[in-house]
There are 2 protein chains.
Amino acid sequence: MSRASDRAYSGIRGMILSGELPAGSQLGEEVLAERCGVSRTPVRDALRRLESELLVNRNEAQRSFVADWSLSDVADAFELRAMLESYAARRAAERIDDQTLQQLRAINHAILRAVQAEPPDVIGFLEGNRDFHAIILETAQSRRLAGLLGSLIEQPVVWRTAHQYGRDALRRSQSEHDELLAAFARRDGAWAEAVMAAHIRRAFHFYADAHQGLAMIDVARQP
Amino acid sequence: MSRASDRAYSGIRGMILSGELPAGSQLGEEVLAERCGVSRTPVRDALRRLESELLVNRNEAQRSFVADWSLSDVADAFELRAMLESYAARRAAERIDDQTLQQLRAINHAILRAVQAEPPDVIGFLEGNRDFHAIILETAQSRRLAGLLGSLIEQPVVWRTAHQYGRDALRRSQSEHDELLAAFARRDGAWAEAVMAAHIRRAFHFYADAHQGLAMIDVARQP
DNA sequence: GCAGAGCTTATTGTATACAAACACGTCAGG
DNA sequence: CCTGACGTGTTTGTATACAATAAGCTCTGC
């Protein structure tokens, strides 16, 4: 996309995902424009995009804020994601070709290496994970489905909490990918669907457990 | 929302839904601005919104066009809608209060009157139908779910094809709402979910049949 | 001391001018 | 006649100025 508009989008998005802009803080167009080195016009564009991805909320007076996610919001998103992404897995299993299957195997192998590193390479894990799911979504061949899921995958809180996951949790996730690959290899849509549903739901409980720990740390930090 | 931006949005949206702007036609910002009586800025805003609702496509050069929906696109949207809206029905059944239930009954009674009118009042049917589903979605109490479904419900082709439906088809739809109400009255989430899934899938086949007829008419009209 | 009206200021919405990118048509060369 | 490069015109992107609106504050009256 266009340069300035893109810089604004990825700039703001990065600030939100990294936590530099904390949840609930107001997003003034002027301030953001200055920080991104562009004018307000592309910033407004970016805010609209981020709003459609639910990373940004607007109040009745059209002022923008960083969305804050309650645990029930996150649970909601995971529930929907489980439903849609398991549907994607079913479609992918029915459409996948051998080359794509090999590609997924390679990615999951890379994830395994990240998990087994000392200490575990969480960034590498997350990136591999993202690619793995992205390829499945692409293989499902439904533009609409891709659009819907797009707004569900990026969850700042979840992303940041990932660093709390232990090696076992990461390993579990990786081995569930293996089972998914087995279902793909057999072109068994129902199997893939079931495995993916379990995979996402487990991921939610990983998050919920780790988040509880984080929340307690946050509380302890209060002055 | 703001006045000019809103006028542009509903103006363009209306032109698309009514077929005034046929599928595939280019949407020049300047032209639309003039037709809506606003400047390009709110038009750009509106186009972005419509793009996120998939009523508008943009090519690689950032030019906007009215989205054209193949039958398989529509099938795709219905499939996703069936999944999400039956989930909404389940949640609604588990959360609905007596007052809302009464409200839904009243709406469905109005739909019945529209169906029984001579000739059948298709506009009234569609409006009642929209309200009925909107209230269920609201009762489901999931902002995310509402957001996802928002982009699936408005399908220009489907809307326009509705006038091809016969009285039997409309009546069938209305009586399925009755069954949904029965499930709501019992707070039976699973029942509501199943009825809704069947309801949406039947609606798709109504559309597909009527559309086939329409498509043939269109072909016959070609010079 | 509290409530509310009115002013002040901050923030967003809109219009417009200009810059950049792209599509299309034209013309020259083979 | 075909091909490709170039220039022109159209379309979108960006910046900026100004208008409208909402929030916050003060000051007044009770």
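Biologist: Is A:Arg187 buried, exposed or partly exposed?
Modeller: This is a predicted model. A:Arg187 has 14 other C-beta atoms within 10 Å. Burial needs 20 or more, and exposure 12 or fewer. A:Arg187 is therefore partly exposed.

Biologist: Where is A:Arg187 found, and what is its phi near?
Modeller: A:Arg187 sits in the loop between H9 and H10 of chain A. Its phi is positive, in a residue other than glycine. Most residues other than glycine have a negative phi. For A:Arg187, phi is near 55°.

Biologist: A:Asp188 has its place in the loop between helix H9 (167-185) and helix H10 (189-221) of chain A. Which residues does A:Asp188 touch, not counting those up to four places away in sequence?
Modeller: A:Asp188 is partly exposed, with 16 other C-beta atoms within 10 Å. A:Arg91 is 97 residues away from A:Asp188 in sequence, yet the C-alpha to C-alpha distance is 9.7 Å. The residues that A:Asp188 touches are A:Ala93 and A:Ala183.

Biologist: Phi of A:Gln141 is also positive, in a residue other than glycine. Where does A:Gln141 lie?
Modeller: Its phi is near 55°. A:Gln141 is partly exposed, because 15 other C-beta atoms lie within 10 Å. Its place is the loop between H6 and helix H7 (143-153) of chain A.

Biologist: A cis peptide bond joins A:Glu118 and A:Pro119. What is omega about there, and about what in the bond between B:Glu118 and B:Pro119?
Modeller: Most peptide bonds are trans. A:Pro119 lies in the loop between H5 and helix H6 (122-139) of chain A. B:Pro119 lies in the loop between helix H5 (98-116) and helix H6 (122-139) of chain B. Omega is about -5° in the chain A bond, and about 0° in the cis bond of chain B.

Biologist: How many residues does the largest nonpolar core have?
Modeller: Nonpolar side chains tend to be buried together in soluble globular proteins. Among the residues with the most contacts inside this core are A:Ala92 and B:Ala92. Helix H4 (residues 71-95) of chain B gives the largest share, eleven residues. The core has 82 residues.

Biologist: Which element gives the largest share of the side of chain B that touches chain A?
Modeller: The contact takes 13 residues from chain B and 13 from chain A. The copies meet through the same surface, because 100% of the interface residues of chain B are also interface residues in chain A. On the chain B side, seven are nonpolar, three polar and three charged. The largest share, five residues, comes from H4(B).

Biologist: Which element gives the most to the surface near DNA strand D?
Modeller: In total, 17 residues surround DNA strand D, and the closest include A:Ser2 and B:Gln62. By class, four are nonpolar, seven polar and six charged. The top contributor, with four residues, is H3(A).

Biologist: And which element gives the largest share of the surface near DNA strand C?
Modeller: Of the 17 residues around DNA strand C, those that come nearest include A:Gln62 and B:Ser2. The classes are four nonpolar, seven polar and six charged. Four residues, the largest share, come from H3(B).

Biologist: Where in chain A is the pLDDT below 50?
Modeller: Chain A has a mean pLDDT of 90, and 95% of its residues reach 70 or more. The stretch below 50 has zero contacts in the model beyond near neighbours in sequence. That stretch is residues 218-223.

Conventions: Residues are numbered from 1 along each chain as its sequence is written. Chains are lettered from A and ligands numbered from 1 in the order in which they are written. This is a predicted model: local features need pLDDT of at least 70, side-chain atom pairs count only at pLDDT 80 or more; totals for chains, interfaces and linings use all residues. A residue is near a molecule or strand if its C-beta atom, placed from the backbone, lies within 6 Å of it. Helices (H or I, at least four residues) and strands (E, at least two) are DSSP runs, numbered from the N terminus. Ala, Val, Leu, Ile, Met, Phe, Trp, Tyr, Cys and Pro count as nonpolar, Asp, Glu, Lys and Arg as charged, and the others, Gly among them, as polar. Two residues are in contact if their C-beta atoms, placed from the backbone, lie within 7 Å. A nonpolar core is a set of buried Ala, Val, Leu, Ile, Met, Phe, Trp, Tyr and Cys residues joined through C-beta atoms within 7 Å. pLDDT is the predictor's confidence in each residue, from 0 to 100.
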